[in-house]
Structures are given as C-alpha cells and as structure tokens.
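Here are my notes for you, written as a few numbered points. Please keep the viewer open while you read, and look up each place as we reach it.

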Amino acid sequence: MSKFQKKRGKSQPEVSTASLPDIIFMLLFFFMVVTVLRDAELKVQVNTPEATELTKLEKKSLVNYLYIGKPTPKWQELYGTKPLLQLGDSFKKVRDIPLFIEQHRVQVPEIQRPGITSSLRVDGDVTMGIISDVKTELRKAGQLKINYSAKPRPE
Amino acid sequence: MKNEINAGSMADIAFLLLIFFLVTTTILEDKGILVRLPPWSEEEPDIAKLKERNVYSILVNAQNQLLVRGEPKDIKSLREDTKMFIANPQRREDLSEAPNKAIVSLKNDRGTKYETYLEVYNEVQAAYNELRDEEARRKHNKPYTNLTREQRAAIRAKFPLILSEAEPTSFGEES
C-alpha cells in the first residue's frame with residue numbers, strides 16, 4: 001500500500017486532452033466542406049421523372065454522371081435557357097463525352113471496367129433531341145451500360 | 001490550486017456532431033432504369049424483315065401522344081396491352097408467336113418529352129417484370145427476386161426484353 005501512497009504524493013502531470021476537441025472539430029469541418037461541395041456544384045436544374053422499375057446502382061466508383069437540364073438561374077445569363085449537358089463540374093458539348101468517359105475509365109482497375117455505368121440524370125422536361133445525341137455519342141464511345149436516373153413513384 | 005473547466009466532454013460533443021454529419025450526408029443515392037444500349041453501327045437495324053405479328057411498335061410524337069401498332073393509345077393501358085402482346089395467352093393470330101420472339105420497337109421524336117419517353121420505357125420494363133414474376137410464381141412458387149441466379153436466367157431467357165430503338169424523327173420543336 002505504501003508504494004501507491006508514495007506515487008500519489010509525487011503527482012505526475014496528466015496528458016492534456018484540451019486539444020482533442022480541436023482535432024475532432026477539424027475532422028468535422030473537413031467532412032462538412034467536402035460533402036456539401038459536391039452537391040452545390042450542379043449548374044443545371046435536374047428534376048428526374050418518376051418510375052417504378054428501379055434498380056439501385058451499387059458501386060459508386062464505377063458510375064459516372066451526365067447531367068442534362070436547363071442551366072440554373074445563376075447561369076442563365078451566360079448560357080441561356082436551352083437544356084445543356086454538364087460533365088464533371090462544367091458545361092460541355094456532346095462531342096466531349098468520349099474524353100470524359102475515357103478519363104473516368106482509366107481511374108478504374110482494369111478488371112472492373114466492364115461494370116462501368118453512365119448515369120443519365122436528366123430533367124423530365126427536356127426533349128429527346130439532346131438525349132438522342134448523347135446516347136449516340138455514348139454508343140460510339142463504347143459505353144453501353146447506362147442508367148436513366150429516376151425517383152421512386154409514391155404509391 | 002487550479003480551477004479549470006473540464007474540457008474532456010468537448011471531444012464527445014464534437015464526435016457526436018461528426019457522426020451526425022457522416023450519417024446525414026449520404027451523397028445522394030442513385031436509382032434508375034438500367035439499360036444496355038446496342039453497339040454502334042452505321043446502318044440502322046432493319047425490322048422490316050421481321051414478321052409483323054412479332055413486332056410491337058410504339059411511336060411517341062412531339063405532343064407526347066402514343067401510337068401503338070397503328071392505333072392511338074393511352075399510356076395507362078400500355079402495360080396490360082404489352083403483357084397481352086408478349087404472352088398471347090389466347091394464341092391470337094395478330095399477337096406474338098412466342099414471348100422470346102416478341103420485339104418491342106420504340107420510336108420517338110426529337111421533340112418528345114423525356115418524362116414521357118421514360119414512362120413508356122418504364123411500362124415496357126414493368127410488363128416484362130410482371131410476366132417474369134408470374135412465371136416464377138407458377139413454376140417455383142416464389143417471387144422472381146427470391147429465385148437463384150440460374151432460375152432467373154432461365155426465366156429471362158424465356159421472356160427476353162428485346163427492345164429496338166429507331167433513330168428519332170425531327171418534326172417537333174426542341175426546347
């Protein structure tokens with residue numbers, strides 16, 4: 001017993017945990033910034049139509065997104081109100097699709113490449129003209145697995 | 001004698017916030033209709049060679065109206081009509097010979113709304129899904145989704161979704 005008594009008498013200083021909250025806060029801010037950014041970069045209005053026969057896209061790393069819709073009010077002055085294609089975070093022409101597909105393809109391990117899916121997130125009010133052009137370009141680029149993104153229909 | 005406020009619980013509060021953000025910001029879940037496009041070829045597929053009774057042609061014009069096998073039709077009856085065509089339970093002369101010979105041909109205008117196009121696509125897909133499900137229940141007494149891979153493949157081979165999309169016409173106005 002006396003041994004413990006002695007130690008307590010000396011009283012070593014504790015490790016300060018005061019900086020722990022700061023570290024966690026840093027992590028928190030990191031996540032807040034990263035996750036919010038991705039969504040805010042949409043430059044077109046996309047309100048996908050409703051459907052019933054839906055399949056869930058499993059692997060996010062194997063999916064690339066093509067957005068088609070009217071530019072948001074902020075961008076309408078520059079780009080007008082006609083439906084446009086957005087790849088990544090900027091407006092692109094239909095002929096830029098093969099490069100976009102290729103850029104995504106090289107990031108995927110070779111064995112998983114047949115599973116790459118292009119998700120078309122298209123506004124319901126867009127007419128089929130631009131979508132046909134996009135589809136033709138995708139077929140030419142050899143990207144045949146596509147997904148028409150849709151919302152589940154409320155019963 | 002130091003009189004500090006205990007900051008030990010600050011970390012827990014921050015952790016709680018962090019976990020809250022991790023849980024709520026699921027980077028939008030994506031669902032949709034999965035489609036396999038045909039490989040690119042310069043010439044159009046020729047559906048004129050096929051027997052007329054095996055082709056279920058759906059035309060959608062720029063006013064989003066449907067013309068199914070030459071008759072105007074409402075989208076609400078499309079699913080039942082498609083099922084009838086594919087399965088042909090009464091062995092009618094004007095409907096498909098067998099489910100695996102049925103071909104759905106879809107043609108739209110450049111001015112057709114995407115919403116309508118997807119709805120038509122959804123109805124055709126739904127017709128096949130329902131037929132496959134009915135077959136699964138009849139044969140195995142189980143819903144289609146509960147079957148093994150081989151059983152599903154066998155049923156899919158019996159009801160293959162063959163959809164041919166023609167190059168769209170361009171009569172309507174594009175927005």
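How many residues does the contact take from chain B, and how many from chain A? Before the answer, two remarks on conventions. This is a predicted model, in which local features need pLDDT of at least 70 and side-chain atom pairs count only at pLDDT 80 or more, while totals for chains, interfaces and linings use all residues. Residues are numbered from 1 along each chain as its sequence is written, with chains lettered from A and ligands numbered from 1 in the order in which they are written.

1. The contact takes 40 residues from chain B and 44 residues from chain A; two residues are in contact if their C-beta atoms, placed from the backbone, lie within 7 Å. On the side of chain B that touches chain A, helix 1 (8–24), strand 1 (31–36) and helix 3 each give two or more residues. Helices (H or I, at least four residues) and strands (E, at least two) are DSSP runs, numbered from the N terminus. By class, this side of chain B has 21 nonpolar, 10 polar and 9 charged residues.

2. Next, look at where strands of the two chains meet. Strand 7 of chain A pairs with strand 1 of chain B in the antiparallel sense, over 5 bridges; a pair needs at least two DSSP bridges. Within this pairing, I146(A) has V35(B) as its bridge partner.

3. Chain B also has an open sheet of 5 strands in the order 4-3-2-5-6, with mixed pairing. Strand 4 (71–73) and strand 6 (163–165) of chain B each have a single partner strand, so one side of each is left without a neighbour in the sheet. Strand 3 (residues 66–68) and strand 4 of chain B are antiparallel, with 3 bridges, and L66(B) stands opposite K73(B).

4. Now turn to two helices of chain B. Helix 3 (residues 114–140) and helix 4 (residues 149–158) pack at an angle of about 125°, with their axes 10 Å apart. Among the residues that meet are E135(B) and A136(B) from helix 3, and I155(B) and R156(B) from helix 4. The residues of this contact divide into 2 nonpolar, 2 polar and 4 charged.

5. Finally, find G142(A), in the loop between helix 5 (128–140) and strand 7 (145–149) of chain A. The C-alpha atoms of G142(A) and P98(A) are 8.7 Å apart, although 44 residues separate them along the chain.

Note on methods:
Axes are lines fitted to C-alpha atoms, for helices over the stretch in contact, and angles run from 0 to 180 degrees between N-to-C directions. Ala, Val, Leu, Ile, Met, Phe, Trp, Tyr, Cys and Pro count as nonpolar, Asp, Glu, Lys and Arg as charged, and the others, Gly among them, as polar.
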